[in-house]
Amino acid sequence: MRVLLLVARLLQGGLVSAQGGKAVDTNASVTLGVRAGVFDRPDAARITAHLGAALTDAITRVAGDDLRTGTMVELVASPPERTFVGGTLTV
């Protein structure tokens, strides 16, 4: 698995996101671009859960544990036919 993009934002005031049917004030947002194939792996659930937990841990280590409940992690799939490195298609 190759990571393509990591964008982290601390949001003043936050967004409202649904988590288990209840609203959560989102104070930090992390978007991680990954190869789409990661979701096809047999261990995809374990990998994505670990990424979500690890990125949340990283944000809270730097910005404070009080942000943990409002930290949103989004894994965004990038298929090979839409992935470029150095201006060249990676397929």
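Helices (H or I, at least four residues) and strands (E, at least two) are DSSP runs, numbered from the N terminus. The legends below describe a predicted model, in which local features need pLDDT of at least 70 and side-chain atom pairs count only at pLDDT 80 or more, while totals for chains, interfaces and linings use all residues. Residues are numbered from 1 along each chain as its sequence is written, and side-chain values use heavy atoms, with hydrogens and water left out.

**View 1. The whole chain and its order of elements.**
The chain has 1 helix and 5 strands, and along the sequence these follow the pattern β-β-α-β-β-β. Of the 91 residues, 27% are buried; buried means under 20% relative accessible area, exposed over 50%, and partly exposed in between (1.4 Å probe, protein chains only). The chain exposes about 6100 Å², with carbon and sulfur atoms supplying 56% of that area. Accessible areas come from the Shrake-Rupley method with a 1.4 Å probe; for residues, only the protein chains shown count as cover. Contact means heavy atoms within 4.5 Å. Among contacts in the chain with a separation of 6 or more, 55% are between residues 24 or more positions apart.

**View 2. The largest nonpolar core.**
A nonpolar core is a set of buried Ala, Val, Leu, Ile, Met, Phe, Trp, Tyr and Cys residues joined through side-chain atoms within 4.5 Å. The largest one here has 9 residues: A28, V30, L32, V34, V38, I47, L51, L55 and I59. The elements that give two or more residues to this core are β2 (22-35) and α1 (44-63).

T60 is found in helix α1. Its relative accessible area is 6%, so T60 is buried. Leaving aside residues up to four places away in sequence, T60 touches D65, L67, R68 and T71. A54 also has its place in helix α1, but with a relative accessible area of 33% this residue is partly exposed. The C-alpha atoms of A54 and V73 are 9.8 Å apart in space, and the two residues are 19 residues apart in sequence.

**View 4**
Side chains of opposite charge can pair when their charged atoms come close. A salt bridge is a side-chain nitrogen of Lys or Arg within 4 Å of a carboxyl oxygen of Asp or Glu. By this rule the count comes to 4 salt bridges. R41, D43 and R46 are linked in a network of them. In the R41 and D43 pair, the closest N and O atoms are 2.9 Å apart; between D43 and R46, the corresponding separation is 3.2 Å. R41 is partly exposed because its relative accessible area is 37%, whereas R46, at 53%, is exposed.

**View 3. The salt bridge between D57 and R68.**
D57 forms a salt bridge with R68, with 2.9 Å between the closest N and O atoms. This pair links distant parts of the chain, 11 residues apart: D57 lies in helix α1 and R68 in the loop between α1 and β3 (71-78). D57 has 29% relative accessibility and therefore counts as partly exposed. R68 is likewise partly exposed, with a relative accessible area of 34%.

**View 4. A nonpolar surface patch.**
F84, L89 and V91 make a nonpolar surface patch of about 320 Å². Patches are made of residues with over 30% relative accessible area and no salt bridge; like charges are joined within 9 Å, nonpolar side chains (Val, Leu, Ile, Met, Phe, Trp, Tyr) within 5 Å. F84 is placed in strand β4 (residues 84-85). F84 counts as exposed because its relative accessibility is 52%.
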